[in-house]
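Good morning, and thank you for joining.

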Amino acid sequence: MAMLKQDLILRNPLRILGNQENEPLKEGAFGAVLAKAGVGKTAFLVQLALDNLLKGRNVLHISLTQPVRKVCLWYEEVFHNIADEYRLTNTSELWETILPHRFIMTFRADDFSVAKLEERLNDLTEQGIFFPQLVIIDGLPFGEGVRDALAELKLVAREQGFPVWFAIKVPPDEDLSPDRLPETVGDVSDLFQFLIGLKPSKKEINIMVIRGDMDKDAPPMFLDPATLLIKNRE
Amino acid sequence: METYCNKLFCSEVGKKMKKDPAKVRNIGISAHIDAGKTTLTERILYYTNKIHAIHDVKGKDGVGATMDFMELEKERGITITSAATYCEWDGHEINIIDTPGHVDFTIEVERALRVLDGGVLVLCSVGGVQSQSITVDRQMARYKVPCIAFINKCDRSGANPYRVIDQLKEKLHHNAVALQVPIGLENNFQGVVDLVSMKAVYFEGQQGEKIREDEIPAELMAEVEERREELIDAASMYSEELMEAALEGDVPEALLIEAIREGTLKREITPVFVGSAYKNKGVQPLLDAVTRYLPEPSQVENRALDLENDEEEVVLSADPDAPLVALAFKLEEGRYGQLTYIRVYQGTLRKGDFIVNSRTGKKVKVGRVVRMHADQMEDIEEIPAGYIGALFGIDCASGDTFTSPGIRYSMTSMHVPEPVISLAIVPEDNKSQQNMSKALSRFTKEDPTFTVRVDHETGDTIISGMGELHLEVYIERMKREYDAIVHTGAPQVAYRETISRRADFNYTHKKQTGGAGQYGRVAGYMEPCEEEFEFVNKIVGGAIPTEFISSVEKGFRSALDKGILLGFPVTGIRVVINDGQAHSVDSSDTAFQAAARGAFKEGFKKAKPIILEPIMKVAVETPSEFQGAVMGSLNQRRGMILGTQDEGEMCVIEAEVPLSEMFGYSTDLRSSTQGKAQFTMEFSTYRQVPKSLAEELVKKAQEKKKAA
């Protein structure tokens, strides 16, 4: 089992993100994946989460747009696609070992606040139920007032010791390029240490590291539009 | 002004219009427990003249609702068996199956859905889409049942039907479209605005039986117009004619109804109605909707398997003159003997006909044919295709298919979950012993998720089922219906045993001391696998003669019944035999079976056996203030919390918890949430028991064995 996990970690194209210790984000730091609707932000984040789960880290996945059941389905789907891709068998045992490291929280977007999240986190940690080591937030609207919320969240993340990855929706009329950030992010981009853009081309979805460390010699990554799995162009 | 009395008059005339399948509706009423489906059914029966007085669930008058006809149901205020009944409305014959809302009785819901063509999903306007509604919705989706929704209890404080419509969209992914707008809510709930006819409808008279149609109140006009536009937009997807009419600003009622029906039948639109069954408001328009929007039997494609032709799928025709195909979907021990509820899919089932049970091949003569109204019945001559009725004096099991002689079809098998909990029962005296046997034989025929076996070591009778409540209900029924008093042991979880690594075996069974000898040697290995059991023969050169290979397999299979750790069934094992030895005189079927059993024991011990336990998917719905407490309580019970879903004032916590830890949870939950939370649970999977606990279990099992 341990070998299977290690094998999957080593094969994961995401390993090229970050510095030598292979961790793109430190405690309290923010990262984000940017793309237009339906391009694969959630699939990307779920793969990032699975990579951490395989390493035995606790991942708290927060969704403001989907119910728990739907988020669970995302994980199952991506995990099965990975198993198929690498032709793995007897994966149910592996799945069972990573499941206790995942916790899903969903909120209504209009009802979400950092204070509420902090309260929920305290419910978990004070009773020793779950201690997140990585947090993923999918569906947070990056509109007016988001800067204050992000600043508050940064304090919580530092205090509780976890990095946070966000999904940021790029408006349909804005273009995504490595040199120019969409307006929605522009105002708060200084809070992010890592920014990744997803941009569809004819055959695949290109993954652009807009900001952050990565292995410069590594082959570029892309999302396979059929499975939404991250792959290397080798 | 149209009154609903006219519709009743039509329905009396309708008695003569039988055998018109286009006017038949087979519907189920499904919902979360306490959403009010039994009350709704009761009102439907009242307005369709099937009953002449209204009784409440947990009624103050001590009579109880008509559909909850078992005494026990009346007492607990829950519906256990899905009583089938029929009524007539506006010239249509409606067969209703009232289904249980508690998840322990899911097999009843599944069975009901198997024979239905359409469903009414009842939701509480305060509670909204609750966890059981999600389960029921999933079941409806599995059987592709088109449905309409009824948002009940609009008179309750906190009623918010629009929030429920949003939940239908968000949680159940229904394209929910309001067909009515409530006039007032909570204490002030007066009636509904019909968005199709654009009339206000009020329910007057002592029991809401007098319908008064009026102009739409001016203060509601803006909202009504907005909702009607949404409705026309949604329905236009199914009718170009309607789209054009909408553009011209003149939408004929019939065109709109037809388009909504089209969308509903495709399961792409869920029309939503509102009301309060308890306050007698909104029930008659719902009946109209059942006849307008839910399918007639011929619009639903039903398939059977042709047993004579390699189980090839055949599409059945709703033709009453075609050969008969009918499904016995429910058995009941009635006052006059066994009653078999049956749905005819093809042909006609007539009194005096000979029909064949496809499973047993037995030919039986049809005796009495009846149509049920809760616990009353009406004798009829025949049940044509598309109808539901009941037969007397037919010996069969639930789920059996009956056909005309000459064809051998079987309706696709129903999804039957494995029982997860067991209980030892001991009859109090001889009389109870006899009655208990009768009761158990009946219950196991009625309910495939309820099973009975005898533990040969202790001599105890063990009953198994889907949950604590499921078994409790049968114990009570034994007492009340069969006068069998039984004492019960502690509930016992249905553990399984399996192996965690490969191990070799090489076992010789030898008994050659006087008399006829026995000899057989079996060698090979066993390893974990995903299937329940796999037997692979890799013997070359006749080390075990071919005629004994099946004996060896039989021996291994019999060993699976009882693992060596706790004595629970063994699962997930591949056995490969690759060597062995026989004796020209002393080898026999018995000898090789015994050798295989010995080999199994030897291999099993070496293959690091482990214990698996049933894990339940638990959903707790609680006010947000108790979220922390509920998570703590689940965590204490070895629960793995999958996630929490915040929904404003309420939240849902989803977790996977070992069944063995869930005993008495309802009491615990009540006390930690001031009775404001509720939970549902269903079987999810089997998972390994933690090592320390496994050791404890093994120790206890050994002590029990010694004591026995």
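**Pairing between the chains**

T106(A) has Q645(B) as its bridge partner in β36(B). This is a predicted model, in which local features need pLDDT of at least 70 and side-chain atom pairs count only at pLDDT 80 or more, while totals for chains, interfaces and linings use all residues. Residues are numbered from 1 along each chain as its sequence is written, and chains are lettered from A and ligands numbered from 1 in the order in which they are written.

Strand β3 (residues 102-106) of chain A pairs with β36(B) in the parallel sense, over 3 bridges. Strands here are DSSP runs of E, at least two residues, and helices are runs of H or I, at least four residues, numbered from the N terminus; two strands pair if DSSP finds at least two bridges between them.

How many residues does each chain bring to the contact? Chain B gives 17 and chain A gives 18, where contact requires C-beta atoms, placed from the backbone, within 7 Å. On the side of chain B that touches chain A, β36(B) contributes the largest share, 8 residues.

Let me turn to a sheet within chain B. Three strands form an open sheet in the order β13-β12-β24, with antiparallel pairing. β13 (312-315) and β24 (409-411) of chain B are at the edges with a single partner strand each, so one side of each has no neighbour in the sheet. Strand β12 (residues 303-306) of chain B is joined to β24(B) by 3 bridges, and D306(B) stands opposite Y409(B).

How values were computed:
Contact = placed C-beta atoms within 7 Å.
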